[in-house]
Amino acid sequence: MRSGAAWLASARQEQVDEFLGSLSDGALLALPWLFEFWAQPHQLPPDGAWRTWVIMGGRGAGKTRAGAEWVRAEVEGAHPRAPGRSARVALVGETLDQARDVMVFGDSGILACTPPDRRPEWEAGRRRLVWPNGAVAQVFSAHDPDSLRGPQFDAAWADELAKWPKAQAAWDQLQFALRLGAHPRQVVTTTPQNVATLKAILRNPSTVVTHAPTEANRAYLAASFLEEVRARYGGTRLGRQELDGLLLEDRAGALWTDSGLDAARVAAAPALTRIVVAIDPPVSGHSRSDDCGIVVAGVAAEGDPRGWVAYVLEDASVAGTPQVWIRAALAAMDRWQADRLVAEVNQGGDLVEAMLRSERACVPYRAVRAAKGKAARAEPVAALYEQGRVKHLKGLTALEDQMVRMTVSGFDGPGSPDRVDALVWAIFDLMLDRASGWQQPRVRVL
């Protein structure tokens with residue numbers, strides 16, 4: 001579903017002129033204030049008898065505007081003095097100052113969104129807005145949950161709940177206060193973070209969710225801002241949270257966590273003494289098989305081996321026939337001037353080497369066989385990450401998404417963890433396996 005604004009932006013000039021010319025003077029004056037016309041789909045309340053509407057999105061995705069407009073829709077009636085659906089509203093922010101400066105006076109706050117004839121008055125001493133029809137919105141701080149004891153409301157807006165320092169206590173007190181009217185409701189606008197209170201709210205059957213990345217609101221954001229933040233944070237955990245608006249959760253017993261991988265990320269690798277390309281072939285060999293995991297990694301092997309650091313350089317995994325992934329692996333070797341190709345042969349046996357030799361007869365090659373389960377093989381590699389001895393370049397999102405799903409009990413995700421398996425074999429060959437039989441070759445600068 002496209003908004004009216006999107007239609008206007010894509011319409012021919014004669015269509016725009018025809019549309020605007022068809023409006024009465026009153027309708028033309030009212031058009032800037034009709035949020036239903038301008039809103040993006042994620043900014044409009046879902047249908048149904050929900051109690052909590054959570055708007056999750058990236059920075060600048062229009063969450064604050066959606067919350068302010070929802071409050072307007074709740075308290076305003078057919079004309080300025082007509083009653084609306086709600087008359088007592090709680091506005092809860094992280095602090096009183098943030099609630100006032102963002103939710104009330106902000107560029108997308110309630111006052112900025114309200115037409116002059118319906119605009120509420122701000123009573124600073126009582127920290128509240130009062131509308132011409134008598135509706136009242138009171139400002140509260142999540143730092144002081146007990147301030148919500150006593151008052152009662154029929155609507156509430158909670159902003160940036162994932163940042164609240166006393167989130168559970170403040171949320172609980174708000175629920176007890178939200179008791180007026182036939183069907184009290186609340187909206188939560190937040191950039192997601194892995195906090196228990198938000199996750200519990202999302203699991204509640206009476207909660208509905210809309211979601212959008214930062215780019216959904218690109219028409220109102222500086223192009224240079226989008227360019228800069230995507231270049232700097234794209235593909236990182238922070239970028240997925242703050243720009244894509246995704247809730248990133250750690251699995252129980254996870255061998256890798258999002259925060260740990262974020263800490264392992266570096267802008268570039270140093271001079272490396274050895275680089276390998278590792279392959280984890282799919283079980284079957286047709287075009288509809290699982291992906292073939294192909295990971296490139298190198299090691300800075302100087303001095304005591306206990307101080308060596310590995311760098312994961314590329315995830316070159318592909319889907320396709322054996323010929324497709326053999327050629328992809330060889331191309332990765334060429335790109336990185338790799339010293340050896342390592343391949344698990346539990347599934348393919350001699351076929352992998354035979355196909356490899358048919359494409360390039362003299363390629364340095366080592367076959368490895370798995371004697372343990374996937375999780376058991378991954379654990380010593382995960383321990384190297386905990387020691388800070390494995391680093392990641394940017395652009396490994398698909399690999400990292402599989403890594404955080406690998407637990408001590410196995411892979412908690414769809415399909416096979418092909419990329420993780422290839423990663424494990426690469427790090428195993430570079431850092432853990434004394435039988436890999438290599439001496440420090442030349443140093444190369446990437």
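Reader: Where is glutamine 337 found?
Author: Glutamine 337 is in the loop between helix H13 (322–336) and strand S12. Glutamine 337 is not a glycine, yet its phi is positive, about 50°.

Reader: What kind of model is this?
Author: It is a predicted model, in which local features need pLDDT of at least 70 and side-chain atom pairs count only at pLDDT 80 or more, while totals for chains, interfaces and linings use all residues. Residues are numbered from 1 along each chain as its sequence is written, and side-chain values use heavy atoms, with hydrogens and water left out.

Reader: Why is glutamate 160 called buried?
Author: Buried means under 20% relative accessible area, exposed over 50%, and partly exposed in between (1.4 Å probe, protein chains only). Glutamate 160 has 19%, so it is buried. It lies in the loop between strand S6 (155–159) and helix H8 (167–177), and has a positive phi of about 50° although it is not a glycine.

Reader: What makes aspartate 350 count as exposed?
Author: Its relative accessibility is 63%, and therefore aspartate 350 counts as exposed. Aspartate 350 sits in the loop between strand S12 (340–344) and helix H14 (351–359).

Reader: Why does arginine 59 count as partly exposed?
Author: Arginine 59 has 47% relative accessibility, so it falls in the partly exposed class. Arginine 59 is in the loop between strand S1 (52–57) and H5. Glutamate 242 is 183 residues away from arginine 59 in sequence, but 5.7 Å away in space, C-alpha to C-alpha.

Reader: How do you know that the length of helix H15 agrees with its number of residues?
Author: The expected span is 1.5 Å times one less than the number of residues. H15 (residues 374–386) has 13 residues and should span 18 Å; its end C-alpha atoms are 18 Å apart, so the two agree.

Reader: Where is the kink in H15 centred?
Author: The kink, about 30°, is centred on proline 380. The bend at a residue is the angle between axes fitted to the seven residues ending there and the seven starting there. Just after H15, glycine 388 takes a positive phi of about 75°.

Reader: Which residues of H15 are buried?
Author: They are Ala375, Arg377, Ala378, Val381, Ala382, Leu384 and Tyr385. Lysine 374, also in H15, has 33% relative accessibility and so counts as partly exposed.

Reader: What makes a set of residues a nonpolar core?
Author: Its members are buried Ala, Val, Leu, Ile, Met, Phe, Trp, Tyr and Cys residues joined through side-chain atoms within 4.5 Å. The largest such core has 35 residues, and among those touching the most other members are Trp256, Tyr385 and Met431. H17 gives the most to this core, nine residues.

How values were computed: Helices (H or I, at least four residues) and strands (E, at least two) are DSSP runs, numbered from the N terminus.
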